[in-house]
Amino acid sequence: MLFRSALERLVGLLDSRSTEVREAARSSLAEFNFTRFRTMFDLLDEHSARATGILVHKVDSSVPQKLAEDLAAPSITVKLRAIEMALAMDAADDVRQPLLELSRHENLTVRKEVIRALGHCRGNQVAVVLKSAALDHNHSIAEAAEQSLAELEHQLATSGALGIERRTS
């Protein structure tokens with residue numbers, strides 16, 4: 001119980017206004033890093049991957065760079081796993097540009113997962129890509145794009161941000 005409350009306190013300090021306090025908390029939580037998370041990712045259930053991933057994203061400032069490197073890897077498997085990790089870590093928006101670049105990938109599975117991940121990103125370019133993908137000749141891509149557009153609209157509505165008009169014609 002003492003360990004858990006100490007860990008919760010350290011995690012809470014990650015959101016401190018003080019840079020020094022945030023850095024000290026990060027240093028104390030250094031074992032929550034991207035390399036370790038990537039190694040363990042396939043062994044974690046969905047809930048544990050999400051909880052751990054969000055913590056790693058807060059602790060390890062190298063997450064966007066390392067996810068981008070994995071997204072740029074030649075291996076389809078590494079790309080797909082990077083997309084899955086980005087979603088689990090709530091870090092899709094941090095790698096928005098590499099995801100946008102992959103939205104026209106020749107591999108259907110990569111394209112579909114990228115379109116799904118773009119629903120967790122922000123920006124006009126994201127909306128343009130998703131609208132275009134909603135017209136894709138492949139039904140699974142078009143369906144993923146529609147779901148991502150719905151997710152994007154939901155995010156905009158709940159955040160109070162200005163909505164992006166979605167044309168259905």
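This is a guided tour of a predicted model, stop by stop.

**The whole chain**

Start with the protein chain in a cartoon view. It has 10 helices and 0 strands. Followed along the sequence, the pattern reads α-α-α-α-α-α-α-α-α-α. The C-alpha trace spans about 55 × 40 × 25 Å along its principal axes. Colour the chain by burial next: of its 169 residues, 35% count as buried. Among contacts with a separation of 6 or more, 58% are between residues 24 or more positions apart.

**The nonpolar core**

Select Leu-67, Met-89, Leu-99, Ile-115 and Leu-118. These residues touch the most other members of the largest nonpolar core, which has 45 residues. Which helices each supply at least two residues of this core? They are H3 (34–40), H4 (46–59), H5 (63–71), H6 (76–88), H7 (96–102), H8 (108–118), H9 (124–133) and H10 (139–159).

Keep Ile-115 selected and show what surrounds it. Leaving out residues up to four places away in sequence, Ile-115 touches Ser-103, Val-129, Leu-130, Ala-133, Ile-141, Ala-144, Ala-145 and Ser-148.

**Helix H5**

Move to H5 and pick out its buried residues: Val-63, Leu-67, Asp-70 and Leu-71. Why do they lie on the same side of H5? They cover an arc of only 100 degrees around the axis, so they share one side of the helix.

**Helices H6 and H8**

Two packed helices are described by the angle between their axes and the distance between the axes. Select H6 and H8 and look at both. Their axes come within 10 Å and cross at roughly 15 degrees. Angles under 35 degrees count as roughly parallel, so H6 is roughly parallel to H8. The crossing of H6 past H8 is left-handed. To see the contact, show side chains on both helices.

**Helices H9 and H10**

Hide that pair and select H9 and H10. How do their axes cross, and within what distance do they come? The axes come within 8 Å and cross at roughly 145 degrees. H9 passes H10 in a left-handed crossing. Val-126, Ala-127, Leu-130, Lys-131 and Ala-133 are the H9 residues in this contact. On the H10 side they meet Ile-141, Ala-142, Ala-145, Ser-148, Leu-149 and Leu-152.

Stay on H10 and select Glu-146, which is found in this helix. Is Glu-146 buried or partly exposed? Its relative accessibility is 31%, so Glu-146 counts as partly exposed. Try the distance tool here: the C-alpha atoms of Glu-146 and Phe-41 are separated by 28 Å, and the two residues are 105 residues apart along the chain.

**Two loop residues**

Go to the loop between H6 and H7 and select Asp-90. Its phi is positive, about 60 degrees, although Asp-90 is not a glycine. With a relative accessible area of 47%, Asp-90 is partly exposed.

Then find Asp-42 in the loop between H3 and H4. Its relative accessible area is 55%, and residues over 50% count as exposed, so Asp-42 is exposed. Lys-112 lies 70 residues away from Asp-42 along the chain, and their C-alpha atoms are separated by 20 Å.

**Last stop: Arg-22**

Finish at helix H2 (residues 19–28), where Arg-22 is found. Arg-22 is partly exposed, at a relative accessible area of 22%. What does Arg-22 contact, leaving aside its neighbours within four places in sequence? The residues in contact with it are Leu-13, Leu-14, Ser-16 and Arg-17. Arg-22 and Arg-104 are 82 residues apart along the chain, and 38 Å separates their C-alpha atoms.

Conventions. Residues numbered from 1 in each chain as written. Predicted model: local features only at pLDDT ≥ 70, side-chain atom pairs only at ≥ 80, totals over all residues. Heavy atoms only, no water. Core = buried A, V, L, I, M, F, W, Y, C linked by side-chain atoms within 4.5 Å. Buried < 20%, exposed > 50% of the residue type's maximum accessible area, 1.4 Å probe, protein only. Helix = DSSP H or I, 4+ residues; strand = E, 2+ residues; numbered from the N terminus. Contact = heavy atoms within 4.5 Å. Arc of directions from axis to C-beta. Axes fitted to C-alpha atoms, helices over the stretch in contact; angles between N-to-C directions. Parallel < 35°, antiparallel > 145°, perpendicular 65-115°, else oblique. Left-handed = near helix turned anticlockwise from the far one by under 90°.
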